[in-house]
Amino acid sequence: WVRLAEAGITVRVWRVDVDRLGLHLDDLDPLLGPRTKWVAMTQASNVLGSINPVAEVARRVHAAGARLCVDAVAYAPHRLVDVQACGADAVVFSFYKVFGPHYALLWVRRELLLTLPSLNHFFIGREVIP
């Protein structure tokens, strides 16, 4: 946190409402502002069992000019992860949660992925997406 503050970066926390046991959209809106770049959230709580309204969160985050990253690790074993329908810019989950190998998956919206530095060797063109 100290290094983030030194760099002029503010991290805001969208807290679980302990009375209603979940994330609530009314609590998100005051956290979004013109300096908001990314919002990271879980799609489902492995503790509470609640499923969060990711598509609506994505709509609000995008309206604020930011991007959304969703952790679907607790959601994937129980529901279909539909990256198109959820509206997120990035979605992550671990295969081992769905009885796969101990690897993780990061899905990134194509237009965003193309803006990132290439992970390929220098002799492989940027248009070749791993």
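**Entry 1: leucine 21**

I take a residue as buried under 20% relative accessible area, as exposed over 50%, and as partly exposed in between. The model I am examining is predicted. I looked up leucine 21 and found 47% relative accessibility, so leucine 21 counts as partly exposed. I located leucine 21 in the loop between H1 and H2. I then checked its backbone: leucine 21 has a positive phi of about 55°, although it is not a glycine. I note for context that most residues other than glycine have a negative phi.

**Entry 2: tryptophan 14**

I placed tryptophan 14 in the loop between helix H1 (2-6) and helix H2 (25-28). I also looked up its separation from leucine 25, eleven residues apart from it along the chain: the two C-alpha atoms are separated by 9.5 Å.

**Entry 3: the chain as a whole**

I recorded five helices and four strands for the chain. Read from the N terminus on, I found the elements in the order α-α-β-α-β-α-β-β-α. I noted that the chain has 130 residues, of which buried residues make up 32%. Taken along the principal axes, the C-alpha atoms fill a box of roughly 55 × 40 × 30 Å.

**Entry 4: the sheet**

I traced the sheet and found it open, with four strands in the order E1-E2-E3-E4 and mixed pairing. Which strands stand at the edges? I found E1 and strand E4 (104-108) there, each with a single partner strand, so one side of each is left without a neighbour in the sheet.

**Entry 5: strand E2 and its partners**

I examined E1 with E2 and found that they run parallel, joined by five bridges. I followed the chain from E1 through helix H3 (residues 54-63) to E2 and recorded this β-α-β crossover as right-handed. Among the residue pairs, I found valine 39 with leucine 68 of E2 as its bridge partner, and methionine 41 with valine 70 of E2.

I then looked at the two faces of strand E2 (residues 67-71). I found Leu68 and Val70 on the covered face, and Arg67, Cys69 and Asp71 on the uncovered one.

I looked up cysteine 69 here, and its bridge partner in E3 is alanine 90.

**Entry 6: the largest pocket**

I looked up the largest pocket and recorded about 640 Å³ of space in it. How many residues line this pocket, and which lie nearest its centre? I found 26 lining residues, with Val11, Arg12, Trp38, Val39 and Ala40 nearest the centre. I then asked which strand gives the most to the lining. Strand E1 (residues 38-42) does, with five residues. By residue class, I noted 15 nonpolar, eight polar and three charged residues in the lining.

Definitions and conventions: Residues are numbered from 1 along each chain as its sequence is written. This is a predicted model: local features need pLDDT of at least 70, side-chain atom pairs count only at pLDDT 80 or more; totals for chains, interfaces and linings use all residues. Side-chain values use heavy atoms; hydrogens and water are left out. On a 1 Å grid over the protein atoms alone, a cavity is a set of points where a 1.4 Å probe fits but cannot get out, and a pocket is an open set with protein on both sides within 12 Å along at least five of seven lines; lining residues have an atom within 4 Å of a point. Grid points are joined across faces, edges and corners, and a volume is the space filled by probe spheres set on the points. Ala, Val, Leu, Ile, Met, Phe, Trp, Tyr, Cys and Pro count as nonpolar, Asp, Glu, Lys and Arg as charged, and the others, Gly among them, as polar. Buried means under 20% relative accessible area, exposed over 50%, partly exposed in between (1.4 Å probe, protein chains only). Two strands pair if DSSP finds at least two bridges between them. A crossover is right-handed if, with the strands pointing away from the viewer, the path from the first strand over the helix to the second runs clockwise.
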